[in-house]
Amino acid sequence: CKPKAGETVVVTGAAGAVGSAVGQIAKIKGCRVVGFAGSDAKVEYLKSIGFDAAYNYKTISSIDDALKESCPNGVDQFFDNVGGEFFEVVLSRMNEFGRASICGAIAVYNALEPPKAHAVSGLFIYKQLKVEGFVCLRWLDKWGEAFKELAQWIQEGKLKYEEHVTVGFDNMFD
């Protein structure tokens, strides 16, 4: 989405490996970052790695209210790992010429029935939004460059990560 300093970025599934990296990179690029995750512990993690605002989607009154509070000037970029209701609500808060990268659809992976789709095409038209799917293999030829930059940010303390190591196959569910 080519983050620009001063823009507001919303990330869903923000506490995962991809979402947390996206949010931190947006912060490095000078953006305001708002994340959504599924537990209070994950929200605290997001705050500890520099997100400007973070919400437990399971305990907020509404996604829209959280966006009104944390994105009073609208959303410029949206990195979606979730889909479903999140996608529709965040799109409604997007600024004109906003950009969205769709990386996942956690909300619908295990659905027994396809979700009902709402008419959001008007938002794309009238807000002139740019939306594209995001699969990392598309940039395979740039991985070396990306890993070099990511490693530098890790060494500088700008990009943080959590790691959980389990020793022994029998212990993998502990």
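Q: Hi! Among contacts in the protein chain between residues at least 6 apart in sequence, what share join residues at least 24 apart?
A: Hello! That share is 60%, where a contact means heavy atoms within 4.5 Å. Keep in mind that this is a predicted model, where local features need pLDDT of at least 70 and side-chain atom pairs count only at pLDDT 80 or more, while totals for chains, interfaces and linings use all residues. Residues are numbered from 1 along each chain as its sequence is written, and side-chain values use heavy atoms, leaving out hydrogens and water.

Q: Thanks! How many helices and strands are there?
A: The protein chain has seven helices and six strands. Helices (H or I, at least four residues) and strands (E, at least two) are DSSP runs, numbered from the N terminus.

Q: And what pattern do they follow along the sequence?
A: The pattern reads β-α-β-α-β-α-β-α-β-α-α-β-α.

Q: Switching topic: how much of the chain is buried?
A: Of the 174 residues, 34% are buried. Buried means under 20% relative accessible area, exposed over 50%, and partly exposed in between, with a 1.4 Å probe and protein chains only.

Q: What about helix 7, which residues does that cover?
A: Helix 7 runs over residues 143-155, so 13 residues, and spans 18 Å from its first C-alpha to its last, close to the expected 18 Å, which is 1.5 Å times one less than its number of residues.

Q: Last one: how big a box do the C-alpha atoms fill?
A: Roughly 50 × 40 × 35 Å, taken along the principal axes.
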